Amino acid sequence: MNRLPPEILLKIIEQSAIDDIHLLQSQQLYKTSMLTLRTMSLLNKKFHALVTPILWRRVFLDVDSLWRFILGLFASIKHDLNDEWCNQMDSLLEQVYSPPLENQIQESETYTFSGMLRPKFEMLKTRVPPRNALAGKGVFIQRLDIPSWDPFLRFISLFSGFLPNCKSLSTIHPIHGPEYIPSLDPPFLVDFEQFFSQLNSLSVDDVDADGWRVLVHNLSQYGHNIRVLFLEAIAEKDLYRSNVGMSHFFRVMHQLECLRLERLPIGGPLLPAFGGNMDIFVMAEVCTKLRAITLDYCDISMDAFYMIWNKLPCIEFVGVAGLRISSLQRPDLVDRPTLKTLRFVDCQVDDYLLCIICKSAPNLDMLRIVFEDTDPFIGNWNPDTKLTSKLFHYIAMHCQKLRILALSFTAGMTGHALAHLLERSSITTLDCHSTDSGFGVVDNAFLKAVLFSQHKLQVLNLYGQGSMSPDLLVDFLTSPYSATIRSLCLDRLHLPDRIFDILGPLRALSIVDCECNLESLIRFLNQTKIPKIYTRALVHPRIISEGSWFVNESLDIYSIWRAAAKHRS
């Protein structure tokens, strides 16, 4: 192994690194990856030099790993610390013992953290400035993920000088009990304000009224280099009002390319004190490099949507949730040939608006118009009359490059019209979206017209289409019309035993929360060659034997499958 050139070893090491925690099934997989890299770094000096930059490239901290991270930085620092920095550290260490903080955390945690950190700090207390002589493992850190709330987060601000190459900061919603709701700590934001100037990516969960003013100040003073900005309000709290709008920091973000806001009231006609459409106007006027924007449940008006469309020349992705019709005026939309993805979730859009959109964005690659678990029937607005088969006609006429279509079907849509679209267009992915309340579920006749058409589908999502009969599903999978399907989602459907004998050469299969025969499912999992399978099944009543399984019990079939495979080997 040591004879291999470094570039080959680096490729091998990279395969063990998992950087994106949000793409993982669990944080345990991330921790396992980090443990593997740490073990590799201890093999010899050559591996240590290659693995260390990857091991420290992205640091994900939780309550348990925070103090170990700080001790690791301490241990790797080879230069001196000045008196001012030492005094700040001393002050924070004293705060750990203060009564207010001790009331928030367990005594054992306080003792463990301070007891291990203070002796190490005392040993390094006589040395000179971190900012003039940076060293240690902190130089490898490019992205830092931290919990949005923790009593010891303020310690990290003192180490920002040891992170000269960190360009991305994420605060993540921590796991918590019902006794408290975590929110971003204003003192932490104050301590970290100058660190914002070196960031080009910032993601902040758990925004609320307490830390909003400080966050706006930091972004308006030090956010001029930020290109990616994600802000999300606390899910457990209602939307809040503020007299400090987002236009304050949008004015300095000339480099902003990607923006995602969730549950933050922006541009809504009912919240003029928050800035109204002024926030959207300033953003559209200043942030001309924006390529992707997502505004989910931010109370934006239809006028604000028109402004976003017409004012951002480089826009490629627009995602909106909770959009409400605020006026009958329908201004002209300018042509947007750069727009590739358009997503509407729980939005009051209709055939007329979508016709204009299809004409103005002929190069659309993905169109998503769905309703989630909210009531789409709001006031006098009824999606069954507002969204009809006319939409399929507009797509066929103007969006010849569309590949991905996701829809919550309404009573105004027909299967034959959709089948006609699939035959004329380039659509290869169809997502038949339905809600838990049953909106979007269609009958057998609708699905039969769609599935038994001359389509080019490679990805088919039939999630929650409970009205689909097992016989229709079997007929489709055994017909030539399913020959092009490579990825299939059958979540929340009833699967007869013979389904598992006829599933073709798929690359991916999802059968989550399905009602099926457990014995047939396990036999299928043991024999299948499908590379990616996502499963969690509802046990069929007739296989219950000794009371160990229960009807509608959710099972981790994947674990059963892996255990069986391990036993066979």
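Phe 409 lies in the loop between strand S11 (404-407) and helix H17 (415-424). Helices (H or I, at least four residues) and strands (E, at least two) are DSSP runs, numbered from the N terminus. The model is a predicted one, in which local features need pLDDT of at least 70 and side-chain atom pairs count only at pLDDT 80 or more, while totals for chains, interfaces and linings use all residues. Residues are numbered from 1 along each chain as its sequence is written, and side-chain values use heavy atoms, with hydrogens and water left out.

With a relative accessibility of 3%, Phe 409 counts as buried. Buried means under 20% relative accessible area, exposed over 50%, and partly exposed in between (1.4 Å probe, protein chains only). Setting aside neighbours within four places in sequence, Phe 409 is in contact with Leu 418, Cys 432, His 433, Phe 439, Gly 440, Val 442 and Phe 446; contact means heavy atoms within 4.5 Å. The C-alpha atoms of Phe 409 and Val 370 are separated by 8.2 Å, and the two residues are 39 apart along the chain.

The chain as a whole gives the background. Its secondary structure comes to 22 helices and 16 strands. Of its 569 residues, 51% count as buried. Among contacts between residues at least 6 apart in sequence, 72% join residues at least 24 apart. The accessible surface comes to about 26,800 Å², and 53% of this belongs to carbon and sulfur atoms. Accessible areas come from the Shrake-Rupley method with a 1.4 Å probe; for residues, only the protein chains shown count as cover.

Strand S6 (residues 258-262) is joined to S7 by five bridges, and the two run parallel. Two strands pair if DSSP finds at least two bridges between them. In this pairing, Glu 262 stands opposite Asp 296 of S7. Strand S7 (residues 292-296) is in turn joined to S8 by five bridges, again in parallel. The bridge partner of Ala 292 in S8 is Phe 317, and that of Ile 293 is Val 318. Between S7 and S8 the chain passes through helix H13 (residues 302-311), making a right-handed β-α-β crossover. Right-handed here means that, with the strands pointing away from the viewer, the path from the first strand over the helix to the second runs clockwise. S8 also pairs with strand S9 (residues 341-345) in the parallel sense, over five bridges. Phe 317 stands opposite Thr 341 in S9.

How are these elements covered? Five of the five residues of S7 are buried, so this strand is largely enclosed by the rest of the structure. In a regular strand the side chains alternate between the two faces of the sheet. Both faces of S7 are covered, with Ala 292, Thr 294 and Asp 296 buried on one side and Ile 293 and Leu 295 buried on the other. Strand S8 (residues 317-321) is mostly covered, as four of its five residues are buried. Helix H13 is largely enclosed by the rest of the structure because seven of its ten residues are buried. These are Met 302, Ala 304, Phe 305, Tyr 306, Met 307, Ile 308 and Trp 309. The cover over the buried residues of H13 includes helix H12 (278-286), S7, S8, S9 and helix H14 (351-360).

Ser 203 is buried, with a relative accessible area of 13%. Apart from neighbours within four places in sequence, Ser 203 is in contact with Leu 169, Ser 170, Thr 171 and Phe 230.

Ile 8 is found in helix H1 (residues 6-14) and is partly exposed, with a relative accessible area of 39%. Together with Leu 4 and Ile 12, Ile 8 makes a nonpolar surface patch of about 210 Å². Patches are made of residues with over 30% relative accessible area and no salt bridge; like charges are joined within 9 Å, and nonpolar side chains (Val, Leu, Ile, Met, Phe, Trp, Tyr) within 5 Å. A salt bridge is a side-chain nitrogen of Lys or Arg within 4 Å of a carboxyl oxygen of Asp or Glu. Gln 15 has its place in the loop between H1 and helix H2 (27-41). Gln 15 is exposed, with a relative accessible area of 68%. The C-alpha atoms of Gln 15 and Ser 33, 18 residues apart along the chain, are separated by 9.6 Å.
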